[in-house]
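This report goes through a structure made of more than one part. Please look at the sequence and the model before reading on.

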Amino acid sequence: MPRLRWPFLRKPAASAGQPESGLKRAHFNEWRLPFWLLAPQLFILLLFFFIPSIRALVQAFQLTDPFGAMTQWVGFQNFERLFRSSVYWTSVQVTLVFTLAQNVLTLSVALLLAFATNHIARGRGAYRTVLLLPYAIAPAIAGIMLAFLFNPRVGPIAQMLQSAGFDWDPNRNSMHALALIVMAASWKHICYNYIFLVAALLSVPHSILESAYLDGAGPIQRFLRISLPMIAPTLFFLVVINFVYGLFETFAIVDATTRGGPAGSTSILVYKVYQDGFVTLDLGSSAAQSVVLMALALLLTFAQFRFVERRVNYSV
Amino acid sequence: MRPLYRALACAGALVLTGMGPARAATEIEFWHAMSGALGERVDELVKKFNDSQKDYVVKAIPKGTYDEVLNGTIAAYRAKRQPEIVQSNERSFLTMVNSGAIVPTADLMAEQNRKLDPSTYIAPVVSYYTINGKLQAMPFNSSTPILFYNRDHFKAAGFDKPGATWQELEPQLNAIKDKGISKCAMVLPGDYEWSFLENYSAVNDIPYATKRNGMDGLDTSFVFNKGKLVGQVERMKRLIGSGVMQIAGQGVIPVQLFTSGECSTIIASTATHAAVVAAAKFDWNAAELPYEQGVTPRNSVIGGAALWTLKGHTPEKYKAVAAFYDFLAQTDTQVWWHQATGYVPVTVPAYEAAKAQGYYDKNPTRAIAVVQLMRGTPTDNSLGFRIGNSNQINVAIMEEVSAAFLGRKPVQQALDDAVSRGNESLRRYEQLNAGKK
């Protein structure tokens, strides 16, 4: 049996005085225990992240038939083709507009609702439950529901819009289709933002709010001048999370709501990876696209650690 | 605790004895893409086969849409867990043939000493699935698009039936809308690339791609960006723009808009019969595909799917597969399948038998597809399509053409872009499959 030494039994290390952040190497002077503690998680990562990533990386430089009978190394041909293709750049634009719009809509609505929660006297529990429900609904179901509600031929909401004189038709109008997936994606994600914002707003010290009240500040002024700056760290965090969500997790919603159409006008990058890989069986291009997305994800993670984590104190 | 263990042990023993006698029958798996009413027909078909003999059991497993079945098959094949039989649609022909994963049907039947005479098959069907003189897949559900129409709407507009040419049909559709009979005179089908473009070029005898639409080699290129086909897309755009033709959109199946009585016409696969018969509560009828004025209409081309036999199984299993195919080719089976589903019978004797029964006198619309497929001698433009990477190309063409519908591009430019994107995919397919036919 290896002799275990528990971290809390050890006397402080030589570096005492500096703030301790997390576990340090010195806490374990024997490798087996940490290895076995980490192994399950590492195994899952290996299986679902590292192996697929490496395969995608390899495939991005190959031309292959779907069944894998023939494979040719083609160097950067897949990437060249990708960056030359106007369809891909359209998809980049669509993704940019989509993630930005989704972020702004989600955050502002969630903020409004969180603000309202604090000012509701009766039925707060019911109000919260209703708001949290969309999070429990599977993205595919949410997408199909919205696609149906807004279907210009049979959807009740679409018919309301049309009878109000608005020529709503996401099948023929790219902007309408884009608006539809922004709505669907935001609707699904507002509750996530809402939970964080309610918690953050609750932790704003009452003493400050009270003194502002005594100084004659109204609820909106108090919210804008005091609460909002104090929850800024949470807002930062949510912006990053919303970007990640918009970029990588909205595939199911797009698939169920518009299938990237009409004419590719809602084909965001992550949807295109799926469509090119699994519908059209263009594995090389799909792999190249996922490598580009992987680089983007790394960049975002880096930005989060470098700029957000450092300046923001999460212990609000 | 002890009684519980004992109970478990007993249960285990029961299970074991229940499993005791090994099944003598050879079981094979058949992955398919038929859902709804058609899925039930497949189950009936398989049951008929299983009940007809004792040696083999076919297990029909629905695996989603054609795309999903193909994807599932690819994943299974790479993991060496592929089924014996898989249903794959007509556009995946080259993908399947060149996959290195299949046993040609002709070889399979020859090895198992089963007779399969291609000359008894309907010409456009057998020619589609034959390469180098060898039938590659077992024709299963073959269809072709026809025009379904709401007779009540046509009568109300003062027409007896739809015109045979587009020049006659278009004013009729406009009239139906203008007279307020229906807000949707025609609904755009989801597979319009097949029914409005490919079949249009076959029926009107214009080239879609060089080398007889790819039949003569992988070095084929698309040429549909000129002549009549540009006019066809212009017409579609015009009809959509004026609201005469509606796009169903996500969440709604186009056929449902026809069967619900909302849309007056739809150009759809003859297999739509199953849905129309089940759901349409109005006086409906069907007609042949409209064509251009002054043209002698040629045969249309098939759609639907065929059954592919996958490599990597024991001879026992292949014996079962051959027996199943043999059963499928029987005239009785074909006649039943044709009448139960709306698909065309794939053999001529089956068509003759249905005719002799007086089936077409009672159900005249069921003959339309067969007659349309068999009319005249196929020309170079109506033999069929042999296009590599066709899933990719299909998506690209639909994307470009719908950009024209949306007014994002002029029709000519959209078709030029579709051709160049399509050709790029064709060249890539040629690069990968260099030396193959």
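The model is predicted: local features need pLDDT of at least 70 and side-chain atom pairs count only at pLDDT 80 or more, while totals for chains, interfaces and linings use all residues. Residues are numbered from 1 along each chain as its sequence is written, and chains are lettered from A and ligands numbered from 1 in the order in which they are written.

**Contact between the chains**

Chain B puts 29 residues into the contact and chain A puts in 32 residues. Two residues are in contact if their C-beta atoms, placed from the backbone, lie within 7 Å. Helices (H or I, at least four residues) and strands (E, at least two) are DSSP runs, numbered from the N terminus. The elements of chain B that give two or more residues to the side touching chain A are listed here.

| Element of chain B | Residues |
|---|---|
| α3 | 66–78 |
| β10 | 245–247 |
| α19 | 390–405 |
| α20 | 411–432 |

Among these, α19(B) gives the most, with six residues.

**The sheet of chain B**

In chain B, five strands make an open sheet with mixed pairing, in the order β10-β9-β11-β8-β12. Two strands pair if DSSP finds at least two bridges between them. Strands of a sheet pair through backbone hydrogen bonds, either parallel or antiparallel. β10 and β12 (284–287) of chain B are at the edges with a single partner strand each, so one side of each has no neighbour in the sheet. β9 (residues 184–188) of chain B and β10(B) pair in the parallel sense over three bridges; B:L188 has B:I247 in β10(B) as its bridge partner. Helix α18 (residues 365–374) of chain B packs on the sheet and touches β8 (145–150) and β12 of chain B.

**Residue B:I181**

B:I181 lies in the loop between α8 (166–178) and β9 of chain B. Is B:I181 buried, exposed or partly exposed? A residue is buried if 20 or more other C-beta atoms, placed from the backbone, lie within 10 Å of its own, exposed if 12 or fewer, and partly exposed in between. B:I181 has 18 other C-beta atoms within 10 Å, so B:I181 is partly exposed. Leaving aside neighbours within four places in sequence, B:I181 is in contact with B:H153, B:A156, B:A157 and B:I176.

**A helix of chain A**

Helix α7 (residues 174–202) of chain A has 29 residues, which should span 42 Å at 1.5 Å a residue; the end C-alpha atoms are 41 Å apart, which agrees. The expected span is 1.5 Å times one less than the number of residues.

Conventions:
Axes are lines fitted to C-alpha atoms, for helices over the stretch in contact, and angles run from 0 to 180 degrees between N-to-C directions.
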